[in-house]
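The sequence and structure come first.

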Number of protein chains: 2
Amino acid sequence: MSLQREEANYFGAGPAFLPTDVLRQAAYDLFNFENANLGIGEISHRSKTAMKVIDDTKANFKELLNIPDTHEVFFMQGGGTGAFSSVAYNLMANYAKRTGKKGKAAYAVTGGWSKKAAEEAQRLGFDVDIVANGKANNFTSIPPYSEWKAIDADNTAYLYVCDNETVHGNEFNSIPGPEYLPEGVELVADTSSNILSKKVDVSKYGLIVAGAQKNVGLAGLTIYIIKKSLLEQASDDELRALNIPLSPIALSFPVVVANNSAYNTIPIFTCHILRLVTQKLIEDGGIEKKQEQNEYKAKILYEALEKYPSLYKLPVEKNSRSHMNVVFTLPSEDLESAFLAGAAERDLTGLKGHRSVGGMRASIYNAVAIESVEKLVAFVIEFAEKNQ
Amino acid sequence: MSLQREEANYFGAGPAFLPTDVLRQAAYDLFNFENANLGIGEISHRSKTAMKVIDDTKANFKELLNIPDTHEVFFMQGGGTGAFSSVAYNLMANYAKRTGKKGKAAYAVTGGWSKKAAEEAQRLGFDVDIVANGKANNFTSIPPYSEWKAIDADNTAYLYVCDNETVHGNEFNSIPGPEYLPEGVELVADTSSNILSKKVDVSKYGLIVAGAQKNVGLAGLTIYIIKKSLLEQASDDELRALNIPLSPIALSFPVVVANNSAYNTIPIFTCHILRLVTQKLIEDGGIEKKQEQNEYKAKILYEALEKYPSLYKLPVEKNSRSHMNVVFTLPSEDLESAFLAGAAERDLTGLKGHRSVGGMRASIYNAVAIESVEKLVAFVIEFAEKNQ
């Protein structure tokens, strides 16, 4: 028996499709890594072999995203939900160190995930300012910075944005500049569903965070890219004196960084997949090349959908549309069912929208081939010609 | 290319050896699950397929450990370190619900892991009573309950023990009965390194917790077996009023249970490995059979080491010795190096002790074959005959 599969045309939102050659290598390495008669998941997380997996993965991220020396990469167990809490605990502990006081946080709520992030910071006991809120228009656009509430520059530790909202299908097309973001307020971005899909200027961010399971690997690891100065934190005693909640130790950024992401037992097999995915990305031409492909995929899909406005509705306004999660609806549930059934007949799967939004969602992450998107485009047109 | 490896004789302490046939199946399923042309790690964690993985794994644990209806099984991301925090947050929130007040916790410190657990509870702001402490004798024995400090029955939420200390190589041979443990104080046991190695009476525990990466699978998931009544917790407002720290939402037991372990994105591939391991355990005769084998493995290894008291020192007292982690030292570093080198020549690997303790450690978890332990025993004797 050998490892075999046909190339799927899979548009699931996550955990998502991985490159087939990466997954084949991962399967071999799970079973027998470098002919040691042991799998990569069976060895000590503090062994040289494991440390090399971590170091290589970090180096790949640094290369791909051109991460400056001012920033560090690390990995923690968990996903977005754990990250929400970790961001608040750690950025506030840094703010307390910087200023000697308890800060507040600014959140832009542009979809379901940033909403959850803001709610979690608030629940944990932090003072949260919602500076932008797209809920009134069902998150169908990201409000321009000129309409955002001004940030309380004297008391705010960070501004949190979700760069790409997986469920609602919107994406930022720029980051807030100095005309909006006061100096000293750190920019934090959740890039769980678009990390490594496009170039970013890491130097502009205090923190970039991303769950691995959409563009980079399996569920279970979260990638953090942090400005090193943010690792300076008030002591536990200082935090208690300021009535600032302490992070559970597994979520403490300085502790994790000091232990090269292996303070607790890092899931090394999951990290190894990140290594393989990022290695392939480098070999395939890096982020610029990938960005070109992603822009092309999004362009042909949105254009096909736009051609039939009576059949396909695109809820998200044009300049806020996600390049990763293409959300669209049809006029009736019957038509939506027929669309899904016809797609499935053509081996186009994973297209059902999120339960909270309905309709369709085509997630066209890095690993989704141009050919798959072209097949989907052909079906979008074929279905429209028959049903419009 | 197909999946090949020779059977290793690997005694690493964790992440640990997994059954070869399980790992082979996992590698196939990682790549292509049930001929869907998608791997088990590439699908939605809320899909029927993923839910079946979770449900089957839960059912296997219930069957293997004969878990009564009063208890529930769930999984969370992370490992022991995250579990330390989660235990304190959640058990205290339950105590507040039960009593309307902030409780304290009793910890038995019998090795490095229970020490860390107690420190974390204290750091988070909980009142901790150390009721037993083996540090004075370097954790070479577990003090008898008759010598433990009495528990403050009117104010204590739970008693925490680490059933098997992986680093120091000791293990409880009984659980505290009513003559020591007051009614209403819940027994919490960390069984990360001996879960599924022996029968346990689950009804006696409020909570059993275990990282997966030693006896059950890859790093990245923690197994919780909880008395359902402990899922009742004071509200966030009530906790704030009592000055009890809130759990980050990803560690909140009621939230995780209400979402069948998929509130956040459960690493479903990792869970699938747990399913395969537990399924195999059932097919191979269940816990009783496994316990017999484990007792035999420990018996022949300890007996061989005891035969040469001038060469092999067993620091842990006889009735506190672990059946999983056999710790021993040799009289000099030269002899220890020679032992490790000789072992490696015979493909006996993973035997170096933990950096904090030194010496040797043979971890003989469920997946370590009797044949591997017999080979180690033969080498222990051979080496002693040459060097004593």
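## Helix packing

The model in which they are seen is a predicted one. Helix α3 of chain B covers residues 80–99 and helix α4 of chain B covers residues 112–123; the two pack at an angle of about 50°, with their axes 9 Å apart. Their crossing is right-handed. On the α3(B) side the contact is made by Phe84(B), Ser85(B) and Ala88(B), and on the α4(B) side by Trp113(B), Lys116(B), Ala117(B), Glu120(B) and Ala121(B). Sorted by class, this contact of α3(B) with α4(B) holds 5 nonpolar, 1 polar and 2 charged residues.

Chain B has another helix pair to consider, α2(B) with α7(B). Helix α2 (residues 48–64) and helix α7 (residues 268–283) of chain B pack at about 35°, and their axes are 9 Å apart. The crossing of α2(B) and α7(B) is left-handed. From α2(B), the residues that meet α7(B) are Ala50(B), Lys52(B), Val53(B), Ile54(B), Asp56(B), Thr57(B), Asn60(B), Phe61(B), Glu63(B) and Leu64(B). Their partners in α7(B) are Ile268(B), Cys271(B), His272(B), Leu274(B), Arg275(B), Thr278(B), Gln279(B), Leu281(B) and Ile282(B). The contact of α2(B) with α7(B) divides into 10 nonpolar, 5 polar and 4 charged residues.

In chain A, helix α1 (residues 20–31) and helix α7 (residues 268–283) cross at roughly 145°, and their axes come within 10 Å. The crossing of α1(A) and α7(A) is right-handed. Asp21(A), Val22(A), Gln25(A), Ala26(A), Asp29(A) and Leu30(A) of α1(A) make the contact with Phe269(A), His272(A), Ile273(A), Leu276(A), Val277(A) and Lys280(A) of α7(A). The residues of this contact are 7 nonpolar, 2 polar and 3 charged.

| Helix pair | Angle | Axes |
|---|---|---|
| α3(B) and α4(B) | about 50° | 9 Å apart |
| α2(B) and α7(B) | about 35° | 9 Å apart |
| α1(A) and α7(A) | roughly 145° | within 10 Å |

## Cavities

How many cavities of 30 Å³ or more does a search of the whole structure find? The search finds 7. The largest cavity contains about 220 Å³ of space. It is lined by 16 residues, and those closest to its centre are Gln77(A), Gly78(A), Leu251(A), Gln77(B) and Leu251(B). Two elements give two or more residues to this lining: β2 (71–77) of chain A and α3 of chain B. By class, the lining of the largest cavity has 7 nonpolar residues, 9 polar residues and no charged ones.

The second largest cavity has a volume of about 80 Å³. Its lining consists of Leu65(B), Asp163(B), Thr191(B), Asn194(B), Ile195(B), Leu196(B), Ser197(B), Lys198(B), Val200(B), Ile208(B) and Ile225(B). This lining divides into 6 nonpolar, 3 polar and 2 charged residues.

## Backbone details

Which peptide bond of chain A is cis, with omega near -10°? The bond in question runs from Gly14(A) to Pro15(A). Pro15(A) lies in the loop between β1 (9–10) and α1 of chain A. In chain B, Gly14(B) and Pro15(B) are joined by a cis peptide bond with omega about -15°. Pro15(B) is in the loop between β1 (9–10) and α1 (20–31) of chain B.

Leu196(A) is not a glycine, yet its phi is positive, at about 65°. Leu196(A) sits in the loop between β8 (186–190) and β9 (207–211) of chain A.

Notes:
Residues numbered from 1 in each chain as written. Chains lettered and ligands numbered in written order. Predicted model: local features only at pLDDT ≥ 70, side-chain atom pairs only at ≥ 80, totals over all residues. Heavy atoms only, no water. Axes fitted to C-alpha atoms, helices over the stretch in contact; angles between N-to-C directions. Helix = DSSP H or I, 4+ residues; strand = E, 2+ residues; numbered from the N terminus. Left-handed = near helix turned anticlockwise from the far one by under 90°. Contact = heavy atoms within 4.5 Å. Nonpolar A, V, L, I, M, F, W, Y, C, P; charged D, E, K, R; others polar. 1 Å grid on protein atoms, 1.4 Å probe; cavity = no way out; pocket = protein on both sides within 12 Å on 5 of 7 lines; lining within 4 Å. Points joined across faces, edges and corners; volume = space filled by probe spheres on them.
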